Amino acid sequence: MSAEVPPDAQSAVLRLYVAGDTPGAGRARRSRLDLIEALHGKVAIEVVDIIDRPDEAEKAGILATPTLSDESVVPPRRLVGDISDVARVLEYFGYLKKDSAA
Amino acid sequence: MTATEERLIDPVLERVKTGIEAFDDLVMGGLPRRRTTVVGGTPGSGKTVFATQFLAHGITDLDEPGVFVTFEESPADIEVNMASFGWDIRGWREANKLAFVDASPRDTDQMVVGDFDLAGLLARILYAAKNAKAKRIVLDSITQLFDHFVTDEKAVRRELLRIATALKKEGLTVLMTAERNSEYGEISRHRIEEFVADNVVILRNALDRERRRRTIEVLKMRGSRHVEGEVPITLVSEHGMVAVPLSSLRLEQQSSSKRVTSGNAELDKMSSGGFFRDSVTLVSGATGTGKTLLVTNFMAGGVAAGERALLVGFEESRGQLFRNARSWGVDFESMEADGRLKVVCLYPEAQSLPDHLLMIQELVEEFKPDRIAIDSLSALERIAPETGFREFLISLTSFIKKREIAGLCTATDKSLVGGHSASEQHISTLTDSIILLRYIQKAEFMHRGLIVLKMRGSEHDKQIRRFTIDGGGMHLGRPVEGAPDVFGGSVANVPPAP
């Protein structure tokens, strides 16, 4: 898998909201590592466990987990549910151009 | 509340009072604690008002803080919208008696792929509930949550059930609102009531003969009794939602044997000493037969006997009523100045029937009259669909009797000389006494005739009496000999006194 890394990718910070140690949360955590690898470590994905930090969930208005959120853009861009399809995730957040994914 | 009623309350289920007092009576004291109630209704039926009042009552009267989870309006909007009911939402938030979970749509760009759960929402609710030490939770409205995850109805159902279960486990009493598409169709969109609700309440705002009729109905109460059927409700500013139930059907009034004057000595004689103190008398007659005169006498007679009298007029203005009274030698002005009389005139169309009823009840609480006259019921009947009018009458007569007030109501016949009257049929069974006023033709003259048709619990003169009206008021004369059958048509339609 090769990804076209945008010049400002280094400064991009995503947040991954999960809830405790559910199977879904475990899958999301593993996918997070895949994403970081695909972007050659040039992205930070902060994990927020809302069981520990419900205040963060309230602040961000999170309803569903897992949610991967890019809060550096306005409005925030969010992907809810399954984030195991790395190419699709990168495309959604604009890190991967459609033609290069083919 | 009587002992028999108390026994009806399920001892197992602890009750949470909603603050909608008459509604709590319908559900045997309140919503069951640690249970989930779904309140369904079309847009504008009052769901958010019901939900907010449920929280407000807990916060202000029972020291039970609450959490408001909003999926539609922002907390700021709710604060503003509910202010007219006198609810200080900001104050409660500042005092940490009320916490909001703002799940209203935010400006985000979101995509849903694959499986997810609503642990985020649940964590936020539990967090807010813990901080506020909440006992009551409102989710308004669940339908919006489905719209938010529109492609995953199944997941939302599963997650809602999970949330409801988790909240109950925390000892919280949950109220969820749900939107309905029509007043008499399926209970809610997405059939929320089927999988999550222990109890279902329906609010309606139906159009009936070009008039809005608001009602509340308890559809289901798991493991508990409840009163069935639709009950009228109204929204009162600075107060909230008020149910107007048919409490009177229990016929719990004490029957007094104390008599009060009708205001006319001859009529008192006909009715063996006057009206009963806690009874309602109906005066029915065509226009111009002297109904308002009887009302005027009834008021004046009470005031002369040292009573307080309240007149609620729906047909004539204050000016007209006062002028009429003066022409019959009765001085309403000085009676009002002495604080013995109160005359309130209103257009029937000014408000709905339940609102009229509440207003009359408030006037009675405030003025504390010994007698009340309502002139006329027919004017009120024209603003309401039939069922609504019947409910109004039942509630009104019951209220009057309960207060041990002597009541006099008038009804106008549509036909001038006898014949049918729809309102008579409605009203006659609900009033204790009926007096008919009729025009009687004798040769080339028109006379007025009066008969006491029915008087519950008392003997009375059953003759048709001729009467005249002059500057001194009403004068009953001799019985009408060989009267034409002008009373017949009406009499046949009125059930005999029991």
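Student: How many residues of chain B and chain A are in contact, and what makes them count as such?

Tutor: In this predicted model, 26 residues of chain B are in contact with 24 residues of chain A, where contact means heavy atoms within 4.5 Å. Local features need pLDDT of at least 70 and side-chain atom pairs count only at pLDDT 80 or more, whereas totals for interfaces use all residues. Residues are numbered from 1 along each chain, chains are lettered from A in the order written, and side-chain values use heavy atoms, without hydrogens and water.

Student: What is the buried area between chain B and chain A?

Tutor: About 2,100 Å² is buried between the chains, 58% of it on carbon and sulfur atoms. Buried area is the accessible area (1.4 Å probe) that two parts lose on being put together, summed over both. In chain B, Asp109(B), Met111(B) and Arg124(B) lose the most area to chain A, together 28% of what that side buries.

Student: Why is the meeting of Asp109(B) and Arg77(A) called a salt bridge?

Tutor: The term requires a side-chain nitrogen of Lys or Arg within 4 Å of a carboxyl oxygen of Asp or Glu. The N to O distance here is 2.6 Å, so the pair qualifies.

Student: What makes β4 of chain A and β6(B) a pair of strands?

Tutor: Two strands (E runs in DSSP, at least two residues) pair if DSSP finds at least two bridges between them. Strand β4 (residues 77–81) of chain A and β6(B) have five bridges, in the parallel sense, and therefore pair. Within this pairing, Arg78(A) stands opposite Gln110(B).

Terms used
Helices (H or I, at least four residues) and strands (E, at least two) are DSSP runs, numbered from the N terminus.
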